[in-house]
Amino acid sequence: MYSYEEKVYNELQAWRRDVLKRPGFITQLSKKTQTKINRMIPDKAHKIITESLKKMVQATLVGSDITTNKHQSAGLSLYEQDELLKEKLTSYRKTAVVEGAGTGAGGFFLGLADFPMLLSIKMKFLFEAAAIYGFDTNSYEERLYILHVFQLAFSRDATRRRTYYIIENWQTEKKRLTDMDWQVFQQEYRDYLDLIKLLQLLPGFGAIVGAYANHNLLDTLGETAMNAYRIRLLFTQPRDY
């Protein structure tokens, strides 16, 4: 019989192929359209949006670190860590679904409030994930890794592939990284969410779209976080197979 670690290793190979696969025609067309729209937005507006998201994320990072139990991974096997993460994901997903349905049903202005609220839920979950797999979220290095996990989950095509390379080669890549490219970070996140969040603002559909979208977004983040930390553990420690 295969060990659990070997099963995980095979799952990581399948996930890697999925992450690195070339985008289909519809995805490429959508990206081209978004790129054209972004070019129409003045640079000053981009800078304001980038700085606003940067400050929002940094504030969320501080708050998430304070409320995270940093000793929950002690003595756990990889299987137990994975199962604990799944339990946490179920809890955070329920919170995100309720939040998405509530803000989506509240009309345009309350729908806009979903952006910072959902961002806070996602970041808090990533801090929990790091702690579950035994990484110290007090360190700048680990917070930078969390941001790259976030970017891997919510970016498209070329950026996703570049971010995966950084994740997979973290031991060497972290030595050259001093900060996130916040322009890319905010642009990819906005592009990923634009259509979903516009639909959430539509009267009569907001609650349904908000709940469904947030459910799927947390699922995406959960899968990405689990595999990103599995990579850290399995590729930096000796394996017996």
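The conversation below goes through the terms and the values behind them.

Modeller: This is a predicted model, in which local features need pLDDT of at least 70 and side-chain atom pairs count only at pLDDT 80 or more, while totals for chains, interfaces and linings use all residues. Residues are numbered from 1 along each chain as its sequence is written, and side-chain values use heavy atoms, with hydrogens and water left out.

Biologist: What makes up the secondary structure of the chain?

Modeller: Helices are DSSP runs of H or I with at least four residues, and strands are runs of E with at least two, numbered from the N terminus. By that rule the chain has eleven helices and zero strands.

Biologist: How do you know that the span of H7 agrees with its number of residues?

Modeller: The expected span of a helix is 1.5 Å times one less than its number of residues. For the 14 residues of H7 that gives 20 Å, and because the end C-alpha atoms are 20 Å apart, the two values agree. Helix H8, with twelve residues, reaches 17 Å from its first C-alpha to its last, close to the expected 16 Å.

Biologist: Why is H7 called mostly covered?

Modeller: Buried means under 20% relative accessible area, exposed means over 50%, and partly exposed lies in between, with a 1.4 Å probe and protein chains only. Twelve of the 14 residues of H7 are buried, including Glu142, Arg143, His148 and Gln151. Over the chain of 241 residues, 46% count as buried.

Biologist: What makes lysine 88 and glutamate 128 a salt bridge?

Modeller: The term asks for a side-chain nitrogen of Lys or Arg within 4 Å of a carboxyl oxygen of Asp or Glu. In this pair the closest N and O atoms are 3.8 Å apart, so the pair meets the definition. Lysine 88 lies in helix H4 and glutamate 128 in helix H6, so the bridge ties together parts that are 40 residues apart in sequence. At 25% relative accessibility lysine 88 counts as partly exposed, whereas glutamate 128, at 7%, is buried.

Biologist: How many salt bridges does this rule give, and which residues are linked in a network of them?

Modeller: The count comes to twelve salt bridges, and Lys7, Glu11, Asp82 and Arg230 are linked in a network. Arginine 176 and glutamate 173 also form a salt bridge, with the closest N and O atoms 2.6 Å apart. Arginine 176, with a relative accessible area of 53%, is exposed, while glutamate 173, at 9%, counts as buried.

Biologist: Where in the chain do glutamate 142 and arginine 232 lie?

Modeller: Their side chains meet in a salt bridge at 2.8 Å, N to O. Glutamate 142 is in helix H7 and arginine 232 in helix H11, 90 residues apart, so that the pair links distant parts of the chain. Both glutamate 142 and arginine 232 are buried.

Biologist: Why is tryptophan 170 called buried, and what does it touch?

Modeller: Tryptophan 170 has a relative accessible area of 2%, and is therefore buried. Its place is in helix H9 (residues 170–173). Contact means heavy atoms within 4.5 Å, and, not counting residues up to four places away in sequence, tryptophan 170 touches Glu141, Leu144, Tyr145, His148, Leu177 and Arg232. Tryptophan 170 and arginine 232 are 62 residues apart in sequence and 7.9 Å apart in space, C-alpha to C-alpha.

Biologist: What makes a set of residues a nonpolar core, and which members touch the most others in the largest one?

Modeller: A nonpolar core is a set of buried Ala, Val, Leu, Ile, Met, Phe, Trp, Tyr and Cys residues joined through side-chain atoms within 4.5 Å. The largest has 56 residues, of which Val57, Met123, Leu126, Tyr133 and Phe185 touch the most other members. Among the elements that give two or more residues to this core are H1, helix H3 (43–66) and helix H11 (206–235). Tyrosine 133 touches residues that include Ser73, Leu78, Met226 and Leu233.

Biologist: What sets aspartate 157 apart in its phi?

Modeller: Phi of aspartate 157 is near 45°, a positive value in a residue other than glycine. Most residues other than glycine have a negative phi. Aspartate 157 is found in helix H8 and is one of the buried residues of that helix.
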